[in-house]
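Student: Could you take me through this model, starting with a single residue and then moving to the chains and how they meet?

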Amino acid sequence: MDSFATVISILYQFATNGAFLLLSALGLIVILGMMNIINLAHGELMMMGAYTASIAWHHGVPFWLCAILAFLVVALFGALLERTIVRRFYGRELGALVVTWGISLILSQGALMVFGPFLPAIPIPGGSVGVGQYSFSVYWLMVIALSCVLIAGLWALYNYTTFGLQARAAMQNAAMARALGVNTERIYMLTFSLGAGLAGFSGALFAPTVSIAPFMGQQFVAPAFITVVVGGATNVITGAVGSSLLLSLVKTPIGFVFGAFVGTVALLLAALVIIRLMPDGISAVIQRRIDRRHRFA
Amino acid sequence: MGRLSHLLKLLTGPEDIGRSPLFWAAFVAVSIFLFVYPFWLTEFEVTNIAYYLLNVPIALGLGLLWGYCGVLSFGQVAYFGIAGYVYGIVAGNMIGEAAGPIIGSLCGLAVSALVAAIFGYFVFYGRVQSWIVPILTLVLTLLLETFLGQTAGYQWRIGSVQLGGYNGMTGIPAFRLGEYVVMGYRFYYYVLITVIMTYLCLRLLVNSRHGKVMLAIREDAIRAELLGYDIRARQLVVFVLAAILAGVSGLLYVQWGNYITPSQVGLLQASLPVIWVAVGGRESLLAVLLSTCALNWLNYTLSSEGYQYALIITGALLVAVMLFFPSGIVVALARDLPKRGLRALLHGGEGDAG
């Protein structure tokens with residue numbers, strides 16, 4: 001029974017790390033995959049999500065509703081940001097990086113001035129369940145399940161809706177998609193908004209587990225960006241899932257033995273080695289596999 | 001004599017704004033002014049001005065890397081911090097020995113260069129996409145900050161020097177050459193000479209053959225490669241050079257304030273060189289030089305008045321510049337100033353034609 005419990009515990013650790021990386025990076029990777037733009041204000045969008053959730057929760061809104069509210073608020077803000085600033089930087093990747101950095105400075109410092117150095121915390125919903133001598137947080141189990149649902153939802157969105165079809169077309173060849181009547185401007189705006197919303201949603205989900213402060217976004221910067229670099233921009237879903245699972249495989253044992261910081265350093269080193277082997281990320285490798293199978297089938 | 005005229009020709013080559021004789025007259029005049037006017041200032045004021053100047057090398061390094069080579073780095077402060085800390089460790093363990101600060105400086109620069117070389121090898125030889133370099137350099141500097149932040153306590157002691165965790169390393173010895181301890185007025189001149197020499201050397205570099213190849217890589221990496229240049233090695237060399245320049249600023253910083261804290265390699269500090277370079281104009285060394293001094297002065301003035309808007313103003317400035325002056329304010333002014341006189345001053349002969 002003990003060894004069974006240990007296996008469950010290891011799986012739990014692994015899934016928790018994977019879900020953390022996936023949720024940190026998902027919004028970023030959605031935007032990157034579509035527009036080849038890295039949104040450096042990503043951490044601050046997560047901060048906005050956490051702020052929205054905290055404010056709503058302390059006004060008596062149930063937590064799950066808070067998370068959805070965070071998605072909507074930040075998605076709206078994302079759309080606004082895209083319309084006013086980001087859309088001027090399509091095709092200028094480095095310019096987009098720098099301008100979103102400027103936005104992140106304004107957002108974090110603005111939050112500090114408007115809301116002060118801390119917002120009241122949200123207690124972690126749910127208790128814990130025990131298996132053998134280990135106990136697991138129900139909340140994190142829910143988060144793991146939710147990230148699976150989220151990925152399934154994104155997959156359905158990209159594969160079964162008109163938006164998804166047009167989005168994939170714009171990703172492959174924007175000029176051709178435009179020529180065939182796809183409104184790529186609208187696709188870009190919706191994608192940026194979706195990515196921002198996902199960041200806000202993740203921020204709300206992480207809100208009970210961290211302290212809610214103006215500069216809280218910084219702690220997600222390293223894991224999120226490493227996940228994106230390893231995942232690559234070729235395919236949003238395989239990139240996000242493959243990369244977070246692979247990195248969790250690195251982080252879980254090393255973090256368990258040497259502590260969280262060394263775990264994150266191991267992530268960076270793993271990312272350096274991985275980009276040396278597959279410069280376009282894991283999603284490009286998977287995509288090539290899929291393409292080859294289709295060709296021979 | 002032939003060598004000298006060759007150097008002069010390189011110095012006035014086309015790859016920076018400010019090429020006319022009038023510009024060089026102004027450059028010399030400003031330099032002389034900077035050398036002379038500390039006589040009218042107190043030691044405190046001179047030390048402040050030295051602080052605005054000491055950030056110029058890291059900014060010039062980033063300008064070279066981003067503007068001339070097309071590689072953006074958000075992590076230049078990592079090399080700044082590495083050089084500063086290594087200097088503190090080495091020189092701090094050699095207190096009393098005349099050569100300590102010199103050996104410490106060399107070690108600091110060497111370690112910065114080494115880290116950049118290892119890091120750059122993976123990035124450039126992997127031929128990654130352009131957005132990956134800034135992201136990974138940013139992650140590197142954040143991890144460095146986290147690492148240095150947890151080095152509090154007695155076990156984090158190298159020789160007789162404590163790393164000091166979030167409180168940082170204190171009591172770092174000043175630079176000295178033999179008998180002369182470089183402080184106060186001497187420190188100002190030491191920084192001023194370093195800055196002017198760095199600027200002139202980089203101007204020689206960007207107008208040299210190597211500089212032309214660098215620009216070719218920026219303009220079209222594949223074409224440059226098809227012409228037979230090893231773009232990976234070239235980018236790596238520039239990356240290491242930029243790291244060394246960041247290290248120079250780091251050395252000057254610790255020799256100026258005699259302390260360094262992990263927040264020097266944090267996210268906010270990391271954004272500053274990018275802002276200086278973007279606001280001035282990344283494709284001109286002169287613009288970077290000017291905007292770095294101006295923005296350091298501005299930032300110092302704002303924050304010394306306890307101005308909580310300082311970060312918002314810098315952020316807004318960055319966004320506004322990227323939106324309205326994508327090539328930078330100084331460069332835009334130099335290019336578009338309608339006044340003929342100023343145009344002739346900044347552009348030399350060709351400016352009149354445009």
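**Loops, helices and the contact**

Tutor: A:N36 is partly exposed, with 17 other C-beta atoms within 10 Å. A residue is buried if 20 or more other C-beta atoms lie within 10 Å of its own, exposed if 12 or fewer, and partly exposed in between, with C-beta atoms placed from the backbone. The model is predicted, so local features need pLDDT of at least 70 and side-chain atom pairs count only at pLDDT 80 or more, while totals for chains, interfaces and linings use all residues. Residues are numbered from 1 along each chain as its sequence is written, and chains are lettered from A and ligands numbered from 1 in the order in which they are written.

Student: Where is A:N36 placed, and what is its phi?

Tutor: A:N36 sits in the loop between α1 (2-35) and α2 of chain A. Helices (H or I, at least four residues) and strands (E, at least two) are DSSP runs, numbered from the N terminus. The phi of A:N36 is near 55°, a positive value in a residue other than glycine. Most residues other than glycine have a negative phi.

Student: What is the phi of B:N258, and which loop holds that residue?

Tutor: B:N258 has a positive phi near 65° and is likewise a residue other than glycine. Its loop lies between α11 (231-257) and α12 (267-280) of chain B. B:N258 counts as partly exposed because it has 15 C-beta neighbours inside 10 Å.

Student: Back to chain A: how many residues of α2(A) are buried?

Tutor: Of the 16 residues of α2(A), 15 are buried, so the helix is mostly covered. Helix α2 covers residues 42-57 of chain A and reaches 22 Å from its first C-alpha to its last, close to the 22 Å expected at 1.5 Å a residue. The expected span is 1.5 Å times one less than the number of residues.

Student: At what angle do α6 and α8 of chain A pack?

Tutor: Helix α6 (residues 162-172) and helix α8 (residues 184-206) of chain A pack at about 105°, with their axes 10 Å apart. That makes α6(A) roughly perpendicular to α8(A). Axes are lines fitted to C-alpha atoms, for helices over the stretch in contact, and angles run from 0 to 180 degrees between N-to-C directions. Angles under 35 degrees count as roughly parallel, over 145 as roughly antiparallel, 65 to 115 as roughly perpendicular and the rest as oblique.

Student: Which residues meet there?

Tutor: A:F163, A:Q166, A:A167 and A:A170 in α6(A) meet A:T184, A:I187, A:L190 and A:T191 in α8(A). Two residues are in contact if their C-beta atoms, placed from the backbone, lie within 7 Å. By class, this contact has 5 nonpolar, 3 polar and no charged residues. Ala, Val, Leu, Ile, Met, Phe, Trp, Tyr, Cys and Pro count as nonpolar, Asp, Glu, Lys and Arg as charged, and the others, Gly among them, as polar.

Student: New topic: how many residues does each chain bring to the contact between A and B?

Tutor: Chain A gives 32 residues and chain B gives 35 residues. On the side of chain A that touches chain B, α4 (93-115), α9 (218-231) and α11 (260-277) each supply at least two residues. The largest share of that side, 14 residues, comes from α4(A). By class, the side of chain A that touches chain B has 23 nonpolar, 6 polar and 3 charged residues.

Student: What covers the buried residues of α11(A)?

Tutor: The cover includes α9 and α10 (236-258) of chain A together with α6 (100-125) and α7 (132-149) of chain B. Among the buried residues of α11(A) are A:L267, A:L268 and A:I275. B:I132 lies in helix α7 of chain B and counts as buried, with 21 C-beta neighbours inside 10 Å. Leaving aside neighbours within four places in sequence, B:I132 is in contact with A:V229, A:I275 and B:V123.

Student: And the chains overall: how many helices and strands does chain A have?

Tutor: Chain A has 12 helices and 2 strands, and chain B has 16 helices and 4 strands. With 297 residues, a compact globule would have a radius of gyration near 19 Å, and chain A agrees at 19 Å. For the 354 residues of chain B the expectation is near 20 Å, and its 20 Å agrees. The radius is taken over C-alpha atoms, and the globule rule is 2.2 Å times the number of residues to the power 0.38. Buried residues make up 49% of chain A and 47% of chain B.
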